[in-house]
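Reader: Please take me through the interface in this model, with the criteria behind each value.

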Amino acid sequence: MSRIRYTRRFPVAVLVAGLALAASACGGEAADSTAAVPAASSAQLNPNADISKQSMAISVWPGYTPEDLPARVKAKLGMDVKVALHDTNEVIMAKLTAGSDTGFDVAFVSGQYAQALNEAGLLEPIHPELIPNLANLYPEAKELAYDKGNVFSVPYTWGTTGICYRTDLVKTPPTSWNDILDPPAEALKKVTMMTTERWLALPAIKALGYSVNTRSDDEIAKVKAKLLEAKPKLLGYDDTTFGDKLKSGEAVMVEAWDGWCPTTEKNIKFVVPKEGSDLWVDTMVVLKSSKHKEAAHAFINYILDPEIHGWAAETILYKVPNKAAMDSIDPAIKTANAPLQMTPSQLLAGESIIDLGEDSAKFTRLATEVKAQ
Amino acid sequence: MRRSRALGRIVFLGPGLIYLIVLLLVPLALLLSFTVFRRGRFGGIVYELTGENFTRLIDPLYLDVLLDSLKIATITTVIALLVGYPTAYLIAQLPRKWKTIALVAIVLPFWTNFLVRIYAWIVLLSGPGLVNSTLMKLGLIDKPLELLYNQGTIVTGLIYSYLPLMVLPLYAAIEKLDPQLREASANLGARPARTFLSVTLPLTLPGVITGSLFVFVPSFGNFVVPELLGGGRSIMVGNLIRDQFLTARDWPFGAALSLALIAVLIVLLLLQAWSARRA
């Protein structure tokens, strides 16, 4: 869930990201208009390569993998791992598309960004024979719209967006996105929606029965009208502190990512509205420029180990698409955090967010129009 | 003689100049050069010339945001001036010891992180916050006032943040003022108001302009305050620029917006330089 990593500490991170952007400002884009589909058969990898002689570098969101990951990998696989951090998808995209070798072997990006990187010809196809732990994944994890069959990406975490609300302050539990867009009297001006463009639009898109990946100008115009109608009834747009606002009672109902709804609090619940929602996935990809592709695959295989993948579910409370890992986590954690109990088929009912290429500008404009008025 | 003086200048100016060129001018030039290129399909830059980014600037949507930011920054500056001038004037009249204490008190907030201070306003003004809960306990109101998440709160936050930048240059200007001039004015029969308008104000005008600029410039480009105190309900040009870089991955248009922002500020700086020269 990508932006979460930056929104959690939003302003500081944005300032840092701004500096990082300035630092990488020379980044152009080498492989753009080609939108090449990667060569089907990349060079064969050697399954017997001595990976303990290789070393590799990954880029990941802060706090998204265990702090001692390099030591764990070293102990298990004998190779060195260097960890670089990126706060947002956009920052790592800027680095990876800059046209020169970044030195990264594996990067963590959200699904729609993996798709964009692949279309830009920057990804090494996944060699399943080098990742036996792929067998640990739910079958549903191979059905993700941006990459059916895990051709160029391996899912790390997944989840959805819904309504997080106070059971003690809302009379009837919300069931529909319309409860956010047109809140009942007790929730008037006590509702927040997210501010990042695709999620800002989500409630209206789903309430109108459109696709989260719509490119239709006509549909987007109707979405805009609905969002503007809702605006006076909202407290504000927020994807940083909605959990706190809910806890303090300043907000009683908020649009929220599942992993971010503080359901451990007694009176706070999470629900996916009946009109449906999205499905977000954070993935691992191997870069075409990687010089240690065997090591990269061994690393991904290690991450898919139930113990290490279960760490993500237990520690950051995001669901992982790994059956063995989900089965292994402490049931008490699942009881305390209801969203962890969502099944893969419930998740798959959500619609995968895909990269819209040029058309993504339509959502940027929509968000600007809604906020500027 | 002449040569050694030139050499001295280079030696002393050198580090500062290199710093400015490497860390300010070069990145800025690079950034601004992006304005003539196109956004790539996946973000990034395609090196194909286009004027699109400039024509988009005059799109009413972005013009409105720009004008709105100008309005907010102007209101902030005017109020900061109205509050800051008397403050600076009073401080300048204080005995030496108290002057120092007052000046330290003005600068003190800067020792706390900007974000922490902004969050403190949220704690004060939110629905269940300190102000509302106190008023409710006193029985003055029966439901919380909507103190947060509107343009008024944005202006309040900006004034609070940048008021010291108004007071300090004003203080410097007023302090320099020779008291004998005011006495002379009074001796010649001018009332205090007349003395202020004809003597004090014109002589401290450079301070007024510098202070106003110090408040206007950061207010105009601010994006944290509208996001946090404005609840994201309205945006300023700073938010627009940040969104282009960090969410829309449209660097060329972000660069064009930055250019527009810089252009406005350069005009203001030129005005300030011109007025300083006249004074």
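Reader: What area is buried between chain B and chain A?

Author: The model is a predicted one, in which local features need pLDDT of at least 70 and side-chain atom pairs count only at pLDDT 80 or more, while totals for chains, interfaces and linings use all residues. Residues are numbered from 1 along each chain as its sequence is written, and side-chain values use heavy atoms, without hydrogens and water. Buried area is the accessible area (1.4 Å probe) that two parts lose on being put together, summed over both. Carbon and sulfur atoms give 59% of the area buried between chain B and chain A, which comes to about 3900 Å².

Reader: Which salt bridge involves Asp59(B), and what is its N to O distance?

Author: A salt bridge requires a side-chain nitrogen of Lys or Arg within 4 Å of a carboxyl oxygen of Asp or Glu, and the count between chain B and chain A is 3. The side chain of Asp59(B) meets that of Arg365(A), with N to O at 2.8 Å.

Reader: Which element gives the most to the side of chain B that touches chain A?

Author: Helices (H or I, at least four residues) and strands (E, at least two) are DSSP runs, numbered from the N terminus. Elements that give two or more residues to this side of chain B include β1 (38-39), α3 (60-93) and α11 (237-246). The most, 6 residues, comes from α11(B).

Reader: How many residues of chain A are in contact with chain B?

Author: Contact means heavy atoms within 4.5 Å. On that criterion, 43 residues of chain B take part, and their partners in chain A number 48 residues.

Definitions and conventions. Chains lettered and ligands numbered in written order.
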